[in-house]
Amino acid sequence: MASESASKKPRIDSPSIGTHNGHFHADEALAVYLLRLLPTYASSPLVRTRDPALLANCHTVVDVGGEYDSSVNRYDHHQRTFNTTFPGYKTKLSSAGLVYMHFGQDIIANHAKLPAEHGSVSLIFNKLYADFIEAIDANDNGIAAYDPEAIKNAGIEKRFKDGGATIASIVNDMNYPAPDDEAAGVDEDGLFAKASEFIGSVFSRKLRGAVSSWLPARETVKAAYDDRKNVHPSGKIMVLPQGGVPWKEHLYNFEKEAKEAAAATGSQPAVEEAEVAYVLYPESATEGSKWRVQAVSVNEGSFVSRKPLPEKWRGVRDADLDGVLAAEGGEPAIPEGAVFVHASGFIGGHKTREGAYAMAVRGLQ
């Protein structure tokens, strides 16, 4: 096990980062990684110690020292008076949240090659906090996702133990050397470095996905949502121009905005029209690709569809499904080429856009 790292002298051009030694947690492992994503800290040495004199010589200190003061680069959250939260949220910050709150926009801007004040940077800044950082903050501060007393009073019991599947628990396990670590002579600081790289790689993957996929998808979904009444007068069918678009989160957000705007004008029909029932999209970019018709779930985390495809179609495929659709009759007529409908009715397929559209229209009925 490593002792306090007094021998690690900062390079003149790289401000040193300090954190505590001993047992490490997900929050400071991530905080250190986040700082090193910035050019200023990219080559910064890490000093792991609880010695105040050594910490005083560090340029930036996270998760130790009993001080939160961004003007002197101190980011601890353990003091009794600390109650800072991320703007718009209620979860008390850990060192990860503190570093992210102060440096996150610069990290995103640097990766996306955009100005820090750009609107897209702000969107991703809030998304990554909600999707990833907040859970790390809550875990380190002992805050459960649900009120334990309310769960108990409701008589709800967990179906299985999921604590070992969290990222924070995996980081905790990395405090203890694996056989290959022992063979390589990896010490405490080395274990921390591996843990920091692990949790940081998860953040980096989410950052890359947000910039390269989620953000462009927002514009695609916005255009499709705004055009939905040109697709069908009910506004219940939305068509995406390509497959592979992460549309759900964006759709729910645009629906929420539309409902709020309609409610402000007192238009209940407009509130009801805001929700989409089916989303159509091609399976691939290949010419002549098959099309999917997917029922929108009641909310982002639900497996229950707002309007599943008709029960008679479910679990039927190909020519058999064509036969069911033809025998059923109705308008519009669905051309041959049906591929399948899932047994739960949440998704179906057709060889053509026209066929998928006709399935969606009949599904609305």
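Student: Is Ser95 buried or exposed?
Tutor: In this predicted model, Ser95 is buried, because its relative accessible area is 0%, under the 20% cut-off.

Student: Where is the place of Ser95?
Tutor: Ser95 belongs to helix H3.

Student: And which residues is Ser95 in contact with, leaving aside its neighbours within four places in sequence?
Tutor: Ser95 is in contact with Asp27, Glu28 and Ala31, and also with Val62, Asp63, Tyr75 and His77.

Student: Asp63 is on that list. What is the phi of Asp63?
Tutor: The phi of Asp63 is positive, about 70 degrees, although Asp63 is not a glycine. As background, most residues other than glycine have a negative phi.

Student: Where is Asp63, then, and is Asp63 buried or exposed?
Tutor: Asp63 sits in the loop between strand E3 (60-62) and strand E4 (68-69). Asp63 counts as buried because its relative accessibility is 3%.

Student: What about Leu114?
Tutor: Leu114 is also found in the loop between H3 and H4. Leu114 counts as partly exposed, because its relative accessibility is 28%. Not counting residues up to four places away in sequence, Leu114 touches Ala109, Ser120 and Val121.

Student: Changing topic: how many residues are in the largest nonpolar core, and which touch the most other members?
Tutor: The largest nonpolar core holds 47 residues, and Leu30, Tyr100, Ile124 and Phe203 touch the most other members. Two or more residues come from each of helix H1 (26-36), helix H3 (95-112), helix H4 (119-140), helix H6 (167-173) and helix H8 (188-226). The largest share of this core, 11 residues, is supplied by H8.

Student: What does Tyr100 touch?
Tutor: Not counting residues up to four places away in sequence, Tyr100 touches Leu34, Phe86, Ile108, Ile124, Phe125, Leu128, Tyr129, Ile133 and Phe203.

Student: How does the lining of the largest pocket divide by class?
Tutor: The lining of the largest pocket has 15 nonpolar, 4 polar and 6 charged residues.

Student: And the second largest pocket, what volume has that?
Tutor: The second largest pocket has a volume of about 260 Å³. Its lining consists of Leu123, Lys127, Trp214, Arg218, Glu249, His250, Asn253, Phe254, Lys256, Glu257 and Glu260. The elements that give two or more of these residues are H4, H8 and helix H10 (248-265), and H10 provides the largest share, 7 residues.

Student: How do those lining residues divide by class?
Tutor: In the second largest pocket, 3 lining residues are nonpolar, 2 are polar and 6 are charged.

Student: Back to H4. Where does Ala130 stand?
Tutor: Ala130 is part of helix H4 and counts as partly exposed, because its relative accessibility is 38%. The C-alpha atoms of Ala130 and Tyr89 are separated by 8.8 Å, while the two residues are 41 residues apart along the chain.

Student: Which peptide bond is cis?
Tutor: The bond from Glu331 to Pro332 is cis, with omega near -5 degrees. Pro332 lies in the loop between helix H12 (318-328) and strand E9 (338-341). For comparison, most peptide bonds are trans.

Student: Finally, what pLDDT does the protein average, and where does pLDDT stay under 50?
Tutor: The protein averages a pLDDT of 93, and 96% of the residues score at least 70. Over residues 1-12 pLDDT stays under 50, and the model has 22 contacts for them beyond four places in sequence. Where pLDDT is low, the predicted coordinates should not be read in detail.

Technical notes
Residues are numbered from 1 along each chain as its sequence is written. This is a predicted model: local features need pLDDT of at least 70, side-chain atom pairs count only at pLDDT 80 or more; totals for chains, interfaces and linings use all residues. Side-chain values use heavy atoms; hydrogens and water are left out. pLDDT is the predictor's confidence in each residue, from 0 to 100. Contact means heavy atoms within 4.5 Å. A nonpolar core is a set of buried Ala, Val, Leu, Ile, Met, Phe, Trp, Tyr and Cys residues joined through side-chain atoms within 4.5 Å. Buried means under 20% relative accessible area, exposed over 50%, partly exposed in between (1.4 Å probe, protein chains only). Helices (H or I, at least four residues) and strands (E, at least two) are DSSP runs, numbered from the N terminus. Ala, Val, Leu, Ile, Met, Phe, Trp, Tyr, Cys and Pro count as nonpolar, Asp, Glu, Lys and Arg as charged, and the others, Gly among them, as polar. On a 1 Å grid over the protein atoms alone, a cavity is a set of points where a 1.4 Å probe fits but cannot get out, and a pocket is an open set with protein on both sides within 12 Å along at least five of seven lines; lining residues have an atom within 4 Å of a point. Grid points are joined across faces, edges and corners, and a volume is the space filled by probe spheres set on the points.
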